[in-house]
Amino acid sequence: IARAYHEKVISHYERPRNVGSLPKNDVDVGTGLVGAPACGDVMKLQIRVDEDGIISDVKFKTFGCGSAIASSSYMTERVKGLSLEEAGKIKNTEIAKELALPPVKLHCSMLAEDAIRSAIKDYRSKRVKLAESKQNNFIDVSRGTATTDTTATMLPSQ
Ligand code: FES
């Protein structure tokens, strides 16, 4: 007997939440772009992180099956308002359970787990680079070789 999809999957598939993109180059945006080797489907998930390290905005675009679209839509709702640590702990099994995905569709929820982790990693590596560039400017200034502080123009105004 063919098993009907759970209504939550259908709801997220038919009315996906938080579809779209955030400006990839913003210093407070992390982008995760991942693919599923099993089927070639692709998911992009982006987070914006506020000064307290809380995810304040999330957007996704998924080129894939209904379960992958539903998984990413669910993930965007799930991580909004969470810290990076909390968001990084979300497992695909939670998504699969919540959406009642059949075993053959487990890898679709894995894509959402990979995507949020990849977005967090991208955000963190941007912060490290920003800190390093500030450090370098400081060194340059102290040697008297820098005339302008370029980091000031990179930071959002308060
Ligand atoms: Fe590949 Fe769903 S079938 S992500």
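Where does Ala 100 lie in the chain? Ala 100 is in the loop between α4 (92-98) and α5 (106-143), and there is more on this residue below.

## The model and its confidence

This is a predicted model, in which local features need pLDDT of at least 70 and side-chain atom pairs count only at pLDDT 80 or more, while totals for chains, interfaces and linings use all residues. Residue numbers start from 1 along each chain, as its sequence is written.

The average pLDDT of the chain (the predictor's confidence in each residue, from 0 to 100) is 89, and 85% of the residues score at least 70. For the model, ipTM is 0.98 and pTM is 0.83.

## Overall layout

You will find six helices and three strands in the chain, in the order α-β-β-β-α-α-α-α-α along the sequence. These elements are DSSP runs numbered from the N terminus: helices are H or I with at least four residues, and strands are E with at least two.

Of the 158 residues in the chain, 28% are buried. Here, buried means that 20 or more other C-beta atoms lie within 10 Å of the residue's own, exposed means 12 or fewer, and partly exposed is in between, with C-beta atoms placed from the backbone. Two residues are in contact if their C-beta atoms, placed in that way, lie within 7 Å. Among contacts between residues at least 6 apart in sequence, 62% join residues at least 24 apart.

Strands β1 (residues 29-35) and β2 (residues 42-49) run antiparallel and are joined by seven bridges; strands pair if DSSP finds at least two bridges between them. Val 34 has Met 43 in β2 as its bridge partner. Six residues separate the two strands of this hairpin, and Gly 40 in the turn has a positive phi of about 85°.

## Where α1 meets α2

Helix α1 (residues 7-14) packs against helix α2 (residues 66-79) at an angle of about 85°, with the axes 8 Å apart. The two helices are therefore roughly perpendicular to each other, a label for angles of 65 to 115 degrees. Val 9, His 12 and Tyr 13 of α1 make the contact, together with residues of α2 including Ile 69, Ala 70 and Tyr 74.

## Two loop residues with positive phi

Asn 18, in the loop between α1 and β1, is not a glycine, yet has a positive phi of about 60°. Asn 18 counts as partly exposed because it has 17 C-beta neighbours inside 10 Å.

Back to Ala 100: its phi is positive too, near 55°. With 13 C-beta neighbours inside 10 Å, Ala 100 counts as partly exposed.

Note on methods: Axes are lines fitted to C-alpha atoms, for helices over the stretch in contact, and angles run from 0 to 180 degrees between N-to-C directions. Angles under 35 degrees count as roughly parallel, over 145 as roughly antiparallel, 65 to 115 as roughly perpendicular and the rest as oblique.
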